[in-house]
Amino acid sequence: MENQNYIYQAMFLLDNEEVRGQGFNATRDWVKATLEKHGASVDVLRLWGERSMAYTVGGRKRATYLLGWIHANQETVAAAKREMYLLGPVFRVLFLREDSIPEEELALGIQDSQVSIPDEVEEIEEEEYVDTKAEKAEAKEADKADKADEAKEADGEKASAKDAKVEKSDQPEAAEGEKTAAAKVKETSKEVTKEETKEEASSASESE
Amino acid sequence: MSQKSKHPHDFDCKDIESLQRYINGQGRIYSATRSGLNARQQRQLKRAVKNARFLALLPYGL
């Protein structure tokens, strides 16, 4: 049972840097050679597409997808997968057991293809990164300037508060002076009223 | 009279457009009651979506 051959659909995710450096056909040949080295027979191996991934894998945002249909046994698949994860341009593999190979796929066979890999994504991101850096630096400088202004304003407020305190400390004396003046006025008025009552009393006694 | 099903007979992990009909904005698979699939189709859908996620064709979550 272990040596029984099955049909597998295999999808290989290739590193775009390696594909750009070596070329698609060379990387495809490497995958084919690795599979055949472990005893698999490759029926179809073709470019499925070059596209951006739904999430980053090892810092990669795009990948070249290579689709294959092979006849192999379980041990072959496990050994090939182990080697691919250790060496070469393949960073992710999926083997799915299938009942048969579709005729459309068989007609395609092992194809040579040209892949145009866009490399502007990383550059744009770098520019954005630089822009964000510059923006951050500007924001920091602006914050520093604001803080300096605030500190200056705070110093000015402190100085004005001190002046105000000094004025307040002067004001109580004035208030005290006012109070004493008012008290004097009251005392004089009391004296006046006392004198008036005395005069009234004396005039009344005289009339009697 | 056999009615033609609106659902695909076999879900393929490479057919992202048809799989995206059965996942929500967060990338989660709709329940069978919402997707309207029978138990076998729902299992096939689950397997296909999980394989597509492994191949980075669909997100695990947003």
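**Note on the predicted two-chain model**

1. Strands β1(A) and β3(A), the latter covering residues 60–72 of chain A, run antiparallel and are joined by nine bridges. Two of the residue pairs can be named. A:Tyr8 has A:Ile70 of β3(A) as its bridge partner, and A:Ala10 is bridged to A:Gly68 in β3(A). The model is a predicted one, and the remarks below should be read accordingly.

2. On its other pairing, β3(A) meets β2(A) in the antiparallel sense, over eleven bridges. A:Glu50 is placed opposite A:Thr64 of β3(A). The hairpin made by β2(A) and β3(A) has two residues between the strands, and A:Gly58 in this hairpin adopts a positive phi near 60 degrees.

3. Taken as a whole, the sheet of chain A is open and has four strands, in the order β2-β3-β1-β4, with antiparallel pairing. β2 and β4 of chain A are the edge strands, each pairing on one side only. From one strand to the next the twist averages 20 degrees.

4. Helix α3 of chain A, residues 74–86, lies across β1, β3 and β4 of chain A and runs at about 165 degrees to β4(A).

5. Which residues does each chain bring to the contact between them? Chain A gives nine residues and chain B gives eight residues. On the chain A side, β1 (6–14), β2 (41–57) and β4 (90–98) each supply at least two residues. The largest share of that side comes from β2(A), with four residues. By class, the side of chain A that touches chain B consists of nine nonpolar residues, with no polar and no charged ones.

6. The largest nonpolar core has 37 residues, of which A:Phe12 and B:Ala52 touch the most other members. Elements giving two or more residues to this core are β1, α2, β2, β3, α3 and β4 of chain A, together with α3 (39–54) of chain B. Once neighbours within four places in sequence are left aside, the contacts of B:Ala52 are B:Cys13, B:Ile16, B:Leu19, B:Leu57 and B:Leu58.

7. One backbone angle in chain B deserves a look. Most residues other than glycine have a negative phi. B:Ala56 is not a glycine, yet its phi is positive, at about 60 degrees. The residue B:Ala56 sits in the segment after α3 of chain B. Is B:Ala56 buried or exposed? B:Ala56 is buried, because 22 other C-beta atoms lie within 10 Å, and the cut-off for a buried residue is 20 or more.

8. On confidence, chain B has a mean pLDDT of 89, and 90% of its residues reach 70 or more. For the model, ipTM is 0.86 and pTM is 0.64.

Terms used:
Residues are numbered from 1 along each chain as its sequence is written. Chains are lettered from A and ligands numbered from 1 in the order in which they are written. This is a predicted model: local features need pLDDT of at least 70, side-chain atom pairs count only at pLDDT 80 or more; totals for chains, interfaces and linings use all residues. Two residues are in contact if their C-beta atoms, placed from the backbone, lie within 7 Å. Ala, Val, Leu, Ile, Met, Phe, Trp, Tyr, Cys and Pro count as nonpolar, Asp, Glu, Lys and Arg as charged, and the others, Gly among them, as polar. Two strands pair if DSSP finds at least two bridges between them. Axes are lines fitted to C-alpha atoms, for helices over the stretch in contact, and angles run from 0 to 180 degrees between N-to-C directions. A nonpolar core is a set of buried Ala, Val, Leu, Ile, Met, Phe, Trp, Tyr and Cys residues joined through C-beta atoms within 7 Å. A residue is buried if 20 or more other C-beta atoms lie within 10 Å of its own, exposed if 12 or fewer, and partly exposed in between; C-beta atoms are placed from the backbone. pLDDT is the predictor's confidence in each residue, from 0 to 100.
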